[in-house]
Amino acid sequence: LFLPLKSADRRMFGLFSAMVLLFGARSVRCLMPGALKPSKGSATRLLSVAGRGDGLGGLFSDVTGMVGNTPCVKISDKLAPKGVEVYAKCEFFNPLSSVKDRLAVAIIEDAEAKGLLKPGDTVVEATSGNTGIAVAMVCAQRGYDCVICMAEPFSVERRRLMRMLGAKVIVTPKAGKGTGMVRKAEELCATHGWFLCHQFETEANWKFHELTTGPEIVNDFKGKKLTHWVTGYGTGGTFHGAGKALKAALPDLEIVLAEPSAAGLLASGVPTERNADGSPAESHPAFNPHPIQGWTPDFVPLVLEQAPMDHLMDTLFPIPGDKAVETAKLLAQNEGLLTGISGGGTMYAALETAKTAPEGSVILAMLPDTGERYLSTPLFADIAGDMNEEELDIAKSTPSFQLLPDQEPILQAA
């Protein structure tokens, strides 16, 4: 039974409000905070912000208002070790399904406030895809032209999404790596007078996370002691900004920063050579190709380098690429959470951390984006498009509407 609440009461619930009957729960009584009790014979359920059907309490003026306030979801004991609670912050609840929606809003709004953008201008960025999709979204809403530079290896579906949003996508050679797409973006802006987002260098990146992502986590975990926060890095904005907010509010919090084991740039201790504007001057010597798209370009971003590492990072965790892929699949098949390879990598670090964490620990992992961005990548390499033998057997178990290999389609059985 979900008891109706006044809107003022619902606001008091924070995290405790309503996914009733989630994954088989039979009944849950929705009481005041601190008084949530399971019905006899059922497990306690965490509740979402408001009851289903209540709506969000207002109307959005445009799509950018939907960015942020993403949910934290508990991972079941099918994956989480006993005695430890593991949660995922699902950034794919942003309107264009990734954490980079925050970055795009931050950069465009900062540029507008500083008078760097005016109607009809062209916005340019170099990206592995998610930032480009997010920037294309904001440009479409604001009325700016958008040009995205993206290195050849990144998934084709990302290019198509950006073009669907009205952006022009310039694909750069694989051999140029991340620095190559950055150079191309810089070259285009210098030639045409266009606005470059500088996602890897701008303070607007991490400051937006300090104002939004970090406080969201603190507020959602009120009443529950968060002990560990796990994230990877692409630009370093989430780690830098949310990390600052979290450490300020939760000084004892342990922050685990993950990077691909194949590209241990931070682990190497070798700094990135930089141009005068903070952009990378060359590819980092410790970089090797890895399957975790969106993480760890072939340079240490300035946004990450300028973070107070001694204060923020408690553990640096190397992630094998195959484990990131495997864990993303486990999340989909056991939790119904469809995240990308980077989300799999972050959750792998969280679950490994949970194995040795003290009993009662509460661990939160960031899931940066949706698995739908990875249809042409190793994440879906063994996911068939055609029916397998088991599916064919099910199809043949009733006589009508069969589509079998090398046979004429069967509609209604005679």
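**Exercise 1.** How do helix 2 and helix 6 stand to each other?

*Solution.* The model is predicted, so local features need pLDDT of at least 70 and side-chain atom pairs count only at pLDDT 80 or more, while totals for chains, interfaces and linings use all residues. Residues are numbered from 1 along each chain as its sequence is written, and side-chain values use heavy atoms, with hydrogens and water left out.

Step 1: identify the elements. Helices (H or I, at least four residues) and strands (E, at least two) are DSSP runs numbered from the N terminus, and the protein chain has 14 helices and 12 strands.

Step 2: take the geometry. The axes of helix 2 and helix 6 (residues 203-211) come within 8 Å and cross at roughly 120°; such axes are lines fitted to C-alpha atoms, for helices over the stretch in contact, and the angles run from 0 to 180 degrees between N-to-C directions.

Step 3: classify the angle. Under 35 degrees counts as roughly parallel, over 145 as roughly antiparallel, 65 to 115 as roughly perpendicular, and the rest as oblique. Helix 2 and helix 6 are therefore oblique to each other.

Step 4: assign the hand. A crossing is left-handed if the near helix is turned anticlockwise from the far one by less than a right angle, and right-handed if clockwise; helix 2 passes helix 6 in a right-handed crossing.

Step 5: list the partners. With contact defined as heavy atoms within 4.5 Å, Arg102, Leu103, Val105, Ala106 and Asp110 in helix 2 meet Ala204, Asn205, Phe208 and His209 in helix 6. By class, this contact has five nonpolar, two polar and two charged residues, where Ala, Val, Leu, Ile, Met, Phe, Trp, Tyr, Cys and Pro count as nonpolar, Asp, Glu, Lys and Arg as charged, and the others, Gly among them, as polar.

**Exercise 2.** Describe how helix 2 packs with helix 3.

*Solution.* Step 1: helix 2 and helix 3 (residues 130-142) pack at an angle of about 45°, with their axes 8 Å apart, and are therefore oblique to each other. Step 2: helix 2 passes helix 3 in a right-handed crossing. Step 3: on the helix 2 side the contact includes Leu103, Val105 and Ile108, and on the helix 3 side the residues include Ala134, Met137 and Val138. By class, the contact of helix 2 with helix 3 has eight nonpolar, two polar and five charged residues.

**Exercise 3.** Which salt bridge does Glu216 form, and which parts of the chain does the pair link?

*Solution.* Step 1: apply the criterion, a side-chain nitrogen of Lys or Arg within 4 Å of a carboxyl oxygen of Asp or Glu; by this rule the count comes to 17 salt bridges. Step 2: Glu216 and Arg102 meet in one of them, at 2.8 Å from N to O. The pair links distant parts of the chain, with Glu216 in helix 7 (residues 213-220) and Arg102 in helix 2 (residues 100-113), 114 residues apart. Glu216 and Arg102 are both buried, where buried means under 20% relative accessible area, exposed over 50% and partly exposed in between (1.4 Å probe, protein chains only). Helix 7 is mostly covered, since six of its eight residues are buried, among them Ile217 and Val218. Step 4: Lys89, Glu91, Arg102 and Glu216 are linked in a network of salt bridges.

**Exercise 4.** Compare the setting of Asp369 with that of Asp382.

*Solution.* Step 1: Asp369 forms a salt bridge with Arg158, the closest N and O atoms being 3.9 Å apart. The pair links distant parts of the chain, Asp369 lying in the loop between strand 12 (362-367) and helix 14 (389-396) and Arg158 in helix 4 (residues 156-164), 211 residues apart. Both Asp369 and Arg158 are buried. Step 2: Asp382 forms a salt bridge with Lys329, with 2.8 Å between the closest N and O atoms. Because Asp382 lies in the loop between strand 12 and helix 14 and Lys329 in helix 12 (residues 321-335), the pair ties together parts that are 53 residues apart in sequence. Step 3: Asp382 is exposed, with a relative accessible area of 57%, whereas Asp369 is buried.

**Exercise 5.** Is Thr296 buried or exposed, and where does Thr296 lie?

*Solution.* Step 1: Thr296 is found in the loop between helix 9 (265-268) and helix 10 (302-305). Step 2: with a relative accessible area of 1%, Thr296 is buried. Step 3: its phi is near 45°, a positive value in a residue other than glycine.
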